[in-house]
Amino acid sequence: MQYDVIVIGSGPGGYVGAIRCAQLGLKTAVIEKYSTFGGTCLNVGCIPSKALLDTSEHYHNAAHNFETHGINLSNLSIDVQKMIDRKNEVIAQNTAGITFLFKKNKIDTYEGVGSFVDKNTIKVTKQDGSTEELKAKNIIIATGSKPTALPFLPVDKKRIITSTEALNLTEVPKHLIVIGGGVIGLELGSVYARLGAKVSVVEYAKSIIGTMDGGLGKELQRVLKKSLGMEFLLGHKVTGASAKGKKVTVTAEDAKGQPVSIEGDYCIVAVGRTAYTEGLGLENIGIKTEERGNKITVNEHMETSVEGVYAIGDVVRGAMLAHKAEDEGTYVAERIVGQKPHIDYNLIPGVVYTWPEVASVGKTEEQLKEAGVKYKSGSFSFKASGRAKASGDTDGFIKVLADAETDELLGVHMIGPRAADMIAEAVVAMEYRASAEDIGRICHAHPTFTEAFKEAALAATANRAIHA
């Protein structure tokens, strides 16, 4: 079969890129090695983890917060299997949606492993071992990533597990050890802490969510410790883990180099993700991967060293985020037909779906200081928000960073209720190069959580927040 574009992988980058190609009139095919579309995000990542986060948040609120609203419950319990079944139904609905969109846009799909024969020929190896070859003028590699494996931390997928297995536990752990204080570890740790597990987070760095503004990590750690009893062992270097029966032992060295041993019944290894390129046959067309992270090198137009072969998403440089991959998929499709799309990587928001949620866009204070940029900062606490008081969500704050001379927004950092949704206003504002005063003068509905953004912007503008 001859195509204009073949996309290898059907995750957010792959399926969005394929749909945009089809919309632009390109004859498009998608190759997916699994029986369902959607990649990591829809099957074992973003979507199922959010389903479990929502269920566990409902349970936690019922157990700890309903009484303050005058709602009294007794004999509260969690049906873990029903929680998992609901999560699986959410996955099924979303993956079926991708199947529908492929049919709607007349995209051909092939199940199997796609590998390069040459730069215009892809061999599809099916599960039964049979093969067929497809040809295209352009190839988009969108194979995503997998959990990073550490040689001294053997994962048995039973007691020492990755995020994938953590989505399918059949019981609430008594003591869950999480190795890694990043987004994945904290989200999954939150799920089981809300359901009653003791959770210990072991992190090599001296702070959690280290890529975000430092103030956010400090506040999130404080709230997770206060509200969920989560324990944090920061500055600890993990040296090994072993499982015996129902017991897991994690060994580490603390900041002073002293040995530490932690015992639990499950351990999640969440130390990051590695680009997935196995079986692609990149060597057949002369593409090499980077030593660190196994990523494929691309130019500013997402094109590899081989003309007509593109790579997007987790398999290339930049943040491993579904929405970043989606934008890159759209970008490549539009480049192929001669358009001139644009992505501002500084304005791709990052989100942690704990509660409170954490969201960030633009530069952090640490980055501005390192670059020697003169800036002003304004913060507003949700403790002073009328809407937050009404809902009982008063933890967290919004911080606005603006240029000291021009007042242009340089970064917005939020930890609080619905921060994942509120960050969009900051992204739009920064795309149009708004000033802090612009946000302060825009009328925000009352009472809403977004008023806190307005107040933080006013605080950054001559320190004139009204309610602080």
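Helix H3 gives the largest share of the lining of the second largest pocket, with seven residues. That is my starting point today. One caution: this is a predicted model.

Let me stay with the pocket. The volume of the second largest pocket is about 870 Å³. Its lining counts 30 residues. Which of them lie nearest the centre? Glu57, Asn61, Asn65, Trp355 and Asp393 do. Two helices, H3 (46-64) and H7 (214-228), each supply at least two residues of the lining.

Next, the domains. The domain assignment gives three. Domain 1 comes in two segments, 2-147 and 274-337. Domain 2 covers 160-271. Domain 3 covers 356-462. How far apart are the centres of domain 2 and domain 3? Taken over C-alpha atoms, 29 Å separate them. The two domains do touch: 12 residues of domain 2 are in contact with 16 residues of domain 3.

Look at the pair S9 and S15. Strand S9 spans residues 175-179, strand S15 spans residues 266-269, and four bridges join them. On that pair, Ile179 stands opposite Val269 in S15.

Three strands make it up, in the order S12-S13-S14, and here the pairing is antiparallel. Why is one side of S12 and of S14 left without a neighbour in the sheet? Strand S12 (237-244) and strand S14 (259-264) stand at the edges with a single partner strand each, so one side of each has no neighbour in the sheet. From one strand to the next, the twist averages 20 degrees. Strand S13, residues 247-253, is joined to S14 by six bridges. Here Ala252 stands opposite Val260 in S14.

To close, back to the pocket. If you open the model now, go to Glu57, Asn61 and Asn65, which are among the residues nearest the centre of the second largest pocket. Then look along H3, the source of seven lining residues.

Definitions and conventions
Residues numbered from 1 in each chain as written. Predicted model: local features only at pLDDT ≥ 70, side-chain atom pairs only at ≥ 80, totals over all residues. Heavy atoms only, no water. 1 Å grid on protein atoms, 1.4 Å probe; cavity = no way out; pocket = protein on both sides within 12 Å on 5 of 7 lines; lining within 4 Å. Points joined across faces, edges and corners; volume = space filled by probe spheres on them. Pairing = 2+ DSSP bridges. Domains from an automatic or database assignment. Contact = heavy atoms within 4.5 Å. Axes fitted to C-alpha atoms, helices over the stretch in contact; angles between N-to-C directions.
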